[in-house]
Amino acid sequence: MQIKNLKDPILVAPSPTPFNKDDSVNYSAIEKNVSKWLETPLTGFVLGSENGEESFLSQEEKIKIVSTVSQVNSGEKIVIGGLDNPSTIETIKESEKLVKSGADLIRIRIPRNRDSVMPYFESVLDKIPVPVLVIHQMAPGNFDKFSTETGASSEDIGEICSHPNVFGYISSSLIRFEAKVKQHIPAEKKFWTCNGILTLPGVAIGANGACMMFGNIAPKISLDILSLAMNNQLDKAYELHSSIIDADWNVLSSGAAGLKYALDLLGFEGGLPRSPMLELNEKKKRLIYESLTKSGLI
């Protein structure tokens with residue numbers, strides 16, 4: 001995959017991790033899912049994410065997942081290795097392993113300790129062997145919460161993203177704050193929105209792509225919203241945007257279990273979340289089924 005030749009809008013999706021009944025990673029299901037996504041307009045995969053249950057995976061499993069996806073992908077789409085490690089030396093080591101396993105980009109979450117943010121990026125960006133995506137997500141998993149803290153000032157985020165080895169930036173759900181961040185992001189860097197419902201307002205503040213859960217479920221609709229909005233066809237963009245609000249909300253607010261159930265309904269192999277996380281109750285399953293049906297996805 002030639003990253004520099006990619007045309008906007010780019011849509012990548014944080015891929016889920018299917019498990020076997022004994023809670024081991026189901027690599028065969030990963031292969032089948034990737035094969036199905038290769039037939040869609042999705043631009044790439046993000047592996048080692050909150051939607052992929054990153055905190056429930058060992059480093060060895062994360063590396064093998066990247067390797068498995070890369071083998072099936074065969075360079076057709078972007079493979080992005082995600083990591084969330086506040087240690088500079090471990091970030092560098094882990095990124096090197098991900099790259100050797102096939103990652104084209106490394107996605108780094110801004111560290112939670114605000115005082116360490118700038119020293120952290122000053123230490124790692126020159127040493128990571130592929131371009132970096134910076135993600136602003138201070139409270140992974142809290143998808144249905146309305147307020148989270150910012151991880152750094154807009155000026156600092158702009159300085160981080162100005163580094164030559166930074167490919168782009170994935171914004172948070174804090175649209176008001178991210179509008180200010182956009183003022184400091186160099187024009188040549190990618191600025192991606194993070195959520196299906198936020199695609200339209202994200203483009204309004206300057207987004208030229210997206211990294212979002214809903215891309216797993218509806219890559220074509222997601223890309224159509226991005227393209228229409230970026231080309232000022234706002235009526236058509238809003239019509240599509242309105243059609244997916246309930247589906248995006250009901251799936252994402254149920255976390256990895258919601259995403260997996262939605263994918264099961266669509267013919268993928270989602271399965272159950274890893275223990276001790278629980279299967280969805282019948283009420284949530286019904287809401288997801290009804291909203292996917294309403295949106296035309298089922």
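In this tour, Ala, Val, Leu, Ile, Met, Phe, Trp, Tyr, Cys and Pro count as nonpolar, Asp, Glu, Lys and Arg as charged, and the others, Gly among them, as polar. The model is predicted, so local features need pLDDT of at least 70 and side-chain atom pairs count only at pLDDT 80 or more, while totals for chains, interfaces and linings use all residues. Residues are numbered from 1 along each chain as its sequence is written, and side-chain values use heavy atoms, with hydrogens and water left out.

**Stop 1: helix 4**

Select residues 117-124, which form helix 4. Helices (H or I, at least four residues) and strands (E, at least two) are DSSP runs, numbered from the N terminus. Val117, Met118, Tyr120, Phe121 and Val124 are buried here; buried means under 20% relative accessible area, exposed over 50%, and partly exposed in between (1.4 Å probe, protein chains only). These residues lie on the same side of helix 4 because they cover an arc of only 160° around the axis, taken from the directions from the helix axis to the C-beta atoms. Next, show strand 3 (78-83), helix 3 (88-100), strand 4 (105-109), strand 5 (132-135) and helix 5 (154-161), against which the buried residues of helix 4 pack.

**Stop 2: Phe121 and the cores**

Select Phe121. Neighbours within four places in sequence aside, Phe121 is in contact (heavy atoms within 4.5 Å) with Ile108, Ile110, Pro111, Val134 and Ile160.

A nonpolar core is a set of buried Ala, Val, Leu, Ile, Met, Phe, Trp, Tyr and Cys residues joined through side-chain atoms within 4.5 Å. The largest one has 75 residues, and Ile108, Phe121, Ile157 and Ile217 have the most contacts inside it. Helix 9 (residues 219-230) gives the largest share of this core, 6 residues. Another core, of 14 residues, lies apart from it and includes Ile3, Leu133, Ile170 and Cys211.

**Stop 3: the cavities**

On a 1 Å grid over the protein atoms alone, a cavity is a set of points where a 1.4 Å probe fits but cannot get out; lining residues have an atom within 4 Å of a point. Grid points are joined across faces, edges and corners, and a volume is the space filled by probe spheres set on the points.

The largest cavity holds about 60 Å³ of space. Select Ser15, Pro16, Pro18, Ile30, Asn33, Val34, Trp37, Leu47, Ile65 and Val69 to see its lining. Helix 1 gives the largest share, 4 residues.

The second largest cavity holds about 30 Å³. Select Leu47, Gly48, Lys62, Ile65, Val66, Gly82 and Leu98, which line this cavity. Its lining divides into 4 nonpolar, 2 polar and 1 charged.

Methods. 1 Å grid on protein atoms, 1.4 Å probe; cavity = no way out; pocket = protein on both sides within 12 Å on 5 of 7 lines; lining within 4 Å.
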